[in-house]
Amino acid sequence: MSVYVITGVSSGIGFGFLKSISEDPQNLVVGLVRNKPATEQKVATELGKRSNVHVVHGDLTNYATLKQAAADTTKIVGERGIDYLVGNAGFPAQFDAYSPIGELGEEPEELDDVVDKLFKTNVTGNIHFFNLFMPLVMKSKTKKVIAITSGHADLDFINNFDVENSALYSASKAALNVIVAKFSAQYKKDGVLVFSMSPGVVEVGHFGDLTPKQTEGLMKFVGRAQAYAPHFKGPVPVEGAVQTIRSLWERASIETGYAGAFVSQYGNRQWV
């Protein structure tokens, strides 16, 4: 039996984690979401009555809710602690997703707003999440903390293939990777594995309803991705991505060099 606490389980990869992990009745899954009633309804509708699933309110942009979520989780998991603490939730901005950084400067106020939200959610929010839940991680034998990041934060990928899009999002994920390494530097001596992993390009509904200009930007990125990885055919389904990700975090260890690492779903720097 393993205990998992995962943020952002209301949809996408997060819900995929919840569904996959809870299929084993021996596992206990606590999912943090902003909209608890809606997520509980979705769980009931799509997964039925699974007594090993608990949905807790927690918002990465609101420290008080995260503190309460930690208290609520403590009541659920007790002395078992948390085996896998997964920072999955994040803010995927559409503002910069398909445009080069030079164009973003044409809308300075929106740029400021998006940067603030990206860093408050993807960076500061995860700092609070990890700090508040680390005492529960310390109680377990497994002691693994995983941040879901992005290959967009890899400087070699950006520089070698002139990847123009998602500049602000990439910067927030690069900052998250540094934070993860700092947590690893502090807690590795206590046997806690902390590392960042990219899930790859996953179909979670971000590519619908695009404007012609956004579609042009997306196609440019796809071309860059295919130059980087000629085998790339497009986003993979959530179910397949979840299995690949889980396989990695289950086998990753401090001893095998993952402490503080920034890796892909394959455990290396092959992002797609």
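## Aromatic pairs and a helix crossing

Tyr-84 is buried, at a relative accessible area of 6% (buried means under 20%, exposed over 50%, partly exposed in between; 1.4 Å probe, protein chains only). Welcome to a predicted model, in which local features need pLDDT of at least 70, side-chain atom pairs count only at pLDDT 80 or more, and totals for chains, interfaces and linings use all residues. Residues are numbered from 1 along each chain as its sequence is written, and side-chain values use heavy atoms, leaving out hydrogens and water.

**Aromatic pairs**
- The whole structure holds 13 aromatic pairs (Phe, Tyr or six-membered Trp rings with centres within 6.5 Å; planes under 30 degrees apart are stacked, over 60 edge-to-face, the rest tilted).
- Tyr-4 and Tyr-84 are stacked, 4.7 Å centre to centre with 10° between the planes.
- Tyr-4 belongs to strand 1 (residues 3-7) and Tyr-84 to strand 4 (residues 84-87), so their pair ties together parts 80 residues apart in sequence; strands (E, at least two residues) and helices (H or I, at least four) are DSSP runs numbered from the N terminus.
- Tyr-4 is buried too, at 2% relative accessible area.
- Ring pairs also join Phe-129, Phe-130, Phe-133, Phe-183 and Tyr-187 into a cluster.

**Helix crossing**
- Helix 5 (residues 108-138) and helix 7 (residues 167-187) have axes that come within 10 Å and cross at roughly 20° (axes are lines fitted to C-alpha atoms, for helices over the stretch in contact; angles run from 0 to 180 degrees between N-to-C directions).
- Helix 5 is therefore roughly parallel to helix 7 (under 35 degrees; over 145 is roughly antiparallel, 65 to 115 roughly perpendicular, the rest oblique).
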